[in-house]
Amino acid sequence: MSNTKDKYAFGMIGLGVMGRSLLLNIADHGYAAAGHDKDAGKVASLNEEAGDRKVKGFGDVKEFIQSLTTPRAIMMLVPAGKIVDAVIEELTPLLEKGDILIDGGNSHFTDTNRRVEELEAKGLHFFGMGVSGGEEGARRGPSMMPGGDKDAYNVMKPIFEAIAAKVDGAPCVTYIGPGASGHFVKMVHNGIEYGIMQLLAETYEIMKKGLKLDGDAIGKIFTDWNNGRLQSFLLDITKDIFAFKAPGTDHLLLDDIKDEARAKGTGKWTSQSAMDLQAPIPTVDSAVEMRDLSKYKALRTKAAGIYSKDENQTIEGNVDELLSDLEQAFYFTMIISYSQGMHMLSLASTEYKYNLKLDEIAKIWRGGCIIRSKFLENIYGAYGKDKGLEHLLLDSDVAELVKGTLPGIRKVVSSAVNAGIAIPAYAASLEYFDNFRNERMPSNLTQAQRDYFGAHTYELIGKEGTFHTQWEPAG
């Protein structure tokens, strides 16, 4: 790279919370960095926060481009979709062959595939990179999933390894693979995130409605769990939520928040892509569906008036024993959520020729990202000792953990169902497991029915070929 004291080694387009935080992180590690945003207020915020760091915000895109060393390295952190294409269209005439463009947003991987081809044809290096960790992660150390142009990544590698979260001294960033693999892996990461968030919500529901625990008691349980094998970022923030009182009151802010969950689409994309791959991920699917159902508040209120008048939803039994079962159950469902996601990555690796290294992905998810947890050490170990592991649940160490949680998950699901408490992700996780370990599913009946009404044929045990039967009774 060419360099002068007035030039910047890295550029960022999009100075929202994530973009500004990441840019300041880069500057903290000794790299001169420039930012651009059309919003003058965001540019001013960056310049105000910059202090004596070598970082500067620009409102004029041409001035921003001219401030960068060549070949230029520019990262976009803007909303997915048409805005990314609009930014690329604006930038392309200002760039030169050999410049590097990085999409650090949550773009759909199919859009990334298209952009890779379009920009390569123009002599520009492009790669998509998933970034996880939220505002704090971006500022102090995220987990990053770059995929695409490997040569371009290698140019950026020193910067990304410097700013990434560290676990045991290892940076939480690695080259993922070709094409849109980086954005695909981030999408699956977000799907796992959806699943675990829904499981935490259902755990809260069980404790509140089934065990009649107040917010303080629930917060203490989450805190205790987070000090044990369930330790994770999502559990950590959940226990903080249960410690936060609404300003000027003596009750939880949580109790004032509407029960209508929103989404930006990455969970839905995960479910859609999983169906294309024939990758069963029912825990994630349940989470997506429940966010959708939560939006129909008026309908749910009407239905509650018809169906829920006489239910108290109490789960009977010793509370300490029930909580012990619930801890087992949550650990089981968390394992299942990760297992489904890793299986999806395994199938995508083959289908899309990504050649994913699942141990490396688990390794970089251990720090910085939203789904980081103690259990990721187990996942890292499982794929580390067997690079060709077909499914996480086939690992002997993971299998022992699962076996130890089965009594708890079965008790919790049956108790909650009997009490009329909705636990779709819990139930889906258990049903997935029970069919995963089912050597002979009842799908032979499904195949017979398909042959009956549509002559779709079937295969026979121990015989080669496909067969068709005239199933209608004679006469």
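## A right-handed crossing

Helix α12 passes helix α18 in a right-handed crossing, a term used when the near helix is turned clockwise from the far one by less than a right angle. α12 covers residues 282-294 and α18 residues 424-436; they pack at an angle of about 160 degrees, with their axes 8 Å apart. Axes are lines fitted to C-alpha atoms, for helices over the stretch in contact, and angles run from 0 to 180 degrees between N-to-C directions. The two helices are therefore roughly antiparallel, as angles over 145 degrees are called.

Which residues of α12 meet α18? They are Pro282, Thr283, Ser286 and Met290, and their partners in α18 include Ala428 and Tyr432. Contact here means heavy atoms within 4.5 Å.

## About the model

This model is predicted, so local features need pLDDT of at least 70 and side-chain atom pairs count only at pLDDT 80 or more, while totals for chains, interfaces and linings use all residues. Residues are numbered from 1 along each chain as its sequence is written, and side-chain values use heavy atoms, leaving out hydrogens and water.

## An open sheet

Now for the strands. Seven of them form an open sheet with mixed pairing, in the order β3-β2-β1-β4-β5-β6-β7. Two strands pair if DSSP finds at least two bridges between them. At the edges are β3 (55-58) and β7 (143-148), each pairing on one side only. From one strand to the next, the twist averages 25 degrees.

Strands β1 (residues 10-13) and β2 (residues 33-36) run parallel and are joined by four bridges.

## Helix α1 and Arg20

Helix α1 (residues 17-28) lies across β1, β2, β3, β4 and β6, running at about 170 degrees to β1. Arg20 lies in this helix. Is Arg20 buried or exposed? At 18% relative accessibility, Arg20 counts as buried, the word for under 20% relative accessible area (1.4 Å probe, protein chains only).

Beyond its neighbours within four places in sequence, Arg20 touches Gly14, Leu15, Ser45, Leu46 and Glu49.

## One face of α16

In helix α16 (residues 375-385), the buried residues are Phe375, Leu376, Ile379, Ala382 and Tyr383. Seen down the helix axis, they fall within an arc of 120 degrees, so they line one face; the arc uses directions from the axis to the C-beta atoms. These buried residues pack against α14, α15 and α17.

How values were computed. Buried < 20%, exposed > 50% of the residue type's maximum accessible area, 1.4 Å probe, protein only. Parallel < 35°, antiparallel > 145°, perpendicular 65-115°, else oblique.
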